[in-house]
Amino acid sequence: MIYFALRRFALALLILFVAVTAMFLMIRAVPGDPVQIMLGPRATPELQAKLTAELALNQPIWKQLAIFYGNLLTGDLGIDVFSGRSVTEIVFQQLPFTLELILASILWSASLGIALGAYAAAHPNTLIDRIAAALSVSFVAAPAFVVALLSLLVFAVHLQWFPAIGAGEGFWGRLNHLVLPAFAIGLSWVGYIARLVRASMLEVMGENHIRTARAFGLSERRVVMVYALRIAILPVVTVIGVGMGFLLSSAVFAEIVFARPGLGKLVIDSITTRNYPIVMGSVLISTGLFVVSTALADLVNAWLDPRARVQN
Amino acid sequence: MTETLLEIDNLNVDYETARGDLKALRDISFDVGRGEIVGIVGESGCGKSTLISSILRLTAPNTRFRQGEIRFKGEDLLRLPERKMRDLRGADISIVFQDPMQTHNPVLSIGRQMVDIQHRSRASKAEKRELASQMLGAVGIPDPEARLDQFPHEFSGGMRQRIAIAMALMSEPDLLIADEPTTALDATLEVQIIERLKELQQKFHCAILFISHHLGVIAELCDRVVVMYAGAVVESGDVREIFHNPKHPYTRRLIECDPGHIKERARVLPTIPGEVPDLAELPDGCVFRERCNQAVHRCASEVPPLELLKGGHYAACWLNRVEVEV
Amino acid sequence: MEKSRSEFSQIIRGIARDPLGLMGLIIVGTIVVCAVLAVWIVPYDPIALNIKDRLQGPSTAHLLGTDQLGRDTFSRVIMGGQVALKVALPAVFGAMAIGLTLGMIAGYGPRWLDNLLMLLFDTIRSFPTVMFALAVVALVGPSLQTVVFVVMATSIPTYGRVARTQTLTLRNSEFILAERSMGASVARILGVHMLPNIVGVLAVLAAMDIPTVIALEAGLSFLGLGVKPPTPSWGALLKDGYALIRQTPWLVVGGGLPIILATLGFTFLGESLRDVVDPKLRKQR
């Protein structure tokens, strides 16, 4: 179990290392003086010299990389070009908003998707099963940002049921502000998860141990909800872990459309102002988030499925 | 004669398929007395599985009960409402399935599953656990208390089958159905399990319906035996009587082909040539005729009825009639 | 040739027999025809300004109204379809070709190369697509080519992985082993025996991938990081519509519906294609 976790973690670290190095080299490979590009028309000789020194751009590339990694290990992602604040601080200030949004999206879509899928599997080929199947195929196709825009148009601008912008204050305020963006991000997941659960549920219900549970007179409810569902939801965990990149992408758009604070908004704003350290920092953190979530999904799976613990 | 526990009376079961009705069971009749061990023997596809899933009423959706009754303690199980049927499962009638590797839920601990199946008991969780641990001990699992927290994949096949037996006997059922419980195990384990089953039967006084295609095991364990072929009973009676004086050619061939019966270890086990007939399009006359080397004219046109020969020995073969007539 | 043509028509007939597949076929067909004939269909020049008639609602003159610069929304929607396909098709086919090549090399080549390529695939996949796209756009600036490149780079690993798995399975199959024992060259084994078996699976994947690509292009254009302004893209329509959402709903509707329709059409088509080409895959999902 511990060995399994360590191996996963080592691979995740390796991927993260390659990704960050590639990103770093890409920024340096852009033609032109990065300082010039960053500062744009604001460039003055002193500012340029200061920034060049800060970013260690006058050093050979391998040394820059070494400095970068040295700083990274101490949790230092560099300094914001304009405000002079630590990038780490800025990024981690925005991160909770994005995490909150992703969590809310996956929570509602997974619970609804699992319920729909389990119901459809328990009543195959009924009207509800057919409707759920048709809806799930249709919703899988809907890109989050289009759903976000349309729901903004209908529920915020016209019906005015929910607020259109910001993240809100206090528990209820924040929850209220989460409804539309979480709806937009989660919608395509409902159908996807429902299909996944339905398929794996049908497979599990045909396995011999379900017959055993029935032969001992366990209620059909318990057989479906506990004995079968515990196994049928395993692929959902994996899919959510691997889908973290997709969720993050959707979150970027939802944050823009609903003018919510968060990593996505931070990146877009930084790109328009060419604030590279922040772009780099946010991309690094979101990549890390993705890698960590994939590894986390494996661990959760191992926790839910005792058989997975003995693999390798 | 002991009191009758289970009576199967003229049972006919079909499977509805795209090719038409599959006649899975035809005119099945036999009974099991209290505390009696009855063996059912036959090749795969002879209807053994349909029979036990019919008794438990855990049948596939395309199953049709055409005729007959399954009476348990005098009550027809086929007419029982689903709720009452569920109350019998795992309480009055328990079952041990064939493949021990897939019989338990893989993600729940053995203890959890053994506690869950005591759902009718009012006992506290600790008491249920205690009973589970005792039962594991009774079937010969060492250190049962600690092993309750383990998962099925942490046990060997033989161990898992013992656990399945422990689970089945925990409610002290009146009838235990054992569906080829030793087929998936090797010979040494088979002997151990059979011994254990015998011992537990003495202790719990339950009747056992033991399904197998291995005659040696049946002879070892059972009081009476029912021989099935292509969805019908071809011979039934006392184990000794049937082994020493089989009255149906199919039974004779089964005995000849049984690995336990062969004195010298033959390299290739003898098998009965030919195949079980298509149950969707049954031939006229006796179902065994195609594979029978003693078939006479009459076998091609008329189905031989299951007839009482003497003292509880039944057989369905025209040859017996001929012997009597001649 | 004759054989492959009849196979193709058989696949089309198979798709048309499935109601969802037929719907997908109709939607995708309409989009493709509109995109090809766009120049002749559009009632107005999609980038011609007409400040006098700006921000109008739907009318017989302007089916979907006009935008803040008086441009005809319907004309922009039709032309936007052309832009979407111009990005999606080269990106998907490019990714498929590169992914196929790399995947087969990984599956058939030496172990260390396999490990290296898998690490590369995992790394690319670990960048959240949009973050990766944003990073690239930030570095090289927005343009149609950038979008195509980003989309291609992010979907190569998906094709590569599938191609690798297929190659690995086929590698040990009996007919390949027989070929090898008879001394067939690597090129022959890969090109003649494996390629046809892998392409089918990848084609299904590609059909399912096109909606993602269309959405990504629209998304980047919506953020102002995709195709440049006067070019009519569905994403650009949404960008204008978002800015004017309190004035008129028609821009958001005009940009959003075609995207949803297009993704729906390609998804239906892809699902149906999968069922026709490989019924086994259906069970696995």
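## Close-up views of a predicted complex

**What covers the buried residues of H10(B)?** The cover includes strand E3, helix H8 (215-221), strand E9 (224-229), strand E10 (232-238) and helix H9 (239-244), which belong to chain B. Please keep in mind, here and in every view below, that this is a predicted model. Helix H10 of chain B runs over residues 249-257, and its buried residues are Pro249(B), Tyr250(B), Thr251(B) and Leu254(B). One part of the cover, strand E3 (residues 37-41), has the highest confidence among the elements of chain B, with a mean pLDDT of 91.

**Chain A is built from helices, with no strands.** If you trace this chain in the structure, you will pass 14 helices and zero strands. Buried residues make up 44% of the 312 in chain A. Counting the contacts in chain A with a separation of 6 or more, 73% come from residues 24 or more positions apart.

**Helices H13 and H14 of chain A pack against each other.** On the H13(A) side, look for Leu263(A), Leu266(A), Val267(A), Ser270(A) and Ile271(A).

**Chain C meets chain A.** In this view, 34 residues of chain C touch 38 residues of chain A. On the chain C side, the elements giving two or more residues are helices H5 (111-126), H6 (129-140), H9 (186-222), H10 (234-243) and H11 (250-277). That side of chain C is made up of 23 nonpolar, seven polar and four charged residues.

**Chain A meets chain B.** Here the contact draws on 19 residues of chain A and 21 residues of chain B. Which elements of chain A give two or more residues to its side of the contact? They are helix H9 (208-215) and helix H10 (220-232). H9(A) gives the most, with seven residues. On this side of chain A, nine residues are nonpolar, four are polar and six are charged.

**How confident is the predictor in chains B and C?** For the complex, the predictor gives an ipTM of 0.82 and a pTM of 0.78. Chain B has a mean pLDDT of 84, with 94% of its residues at 70 or more. Its lowest element is helix H12 (residues 318-325), where the mean is 66. Over residues 262-267 of chain B, pLDDT stays under 50, and the model has zero contacts beyond four places in sequence for this stretch. In chain C the mean pLDDT is 77, and 86% of the residues reach 70 or more. Helix H4 (residues 73-108) of chain C has the highest mean among the elements of that chain, at 84, while helix H12 (residues 279-284) of chain C has the lowest, at 45. Residues 280-285 of chain C stay under 50, with four contacts beyond four places in sequence.

Note on methods. Residues numbered from 1 in each chain as written. Chains lettered and ligands numbered in written order. Predicted model: local features only at pLDDT ≥ 70, side-chain atom pairs only at ≥ 80, totals over all residues. Contact = placed C-beta atoms within 7 Å. Helix = DSSP H or I, 4+ residues; strand = E, 2+ residues; numbered from the N terminus. Nonpolar A, V, L, I, M, F, W, Y, C, P; charged D, E, K, R; others polar. Axes fitted to C-alpha atoms, helices over the stretch in contact; angles between N-to-C directions. pLDDT = per-residue confidence, 0-100. Buried ≥ 20, exposed ≤ 12 C-beta atoms within 10 Å, placed from the backbone.
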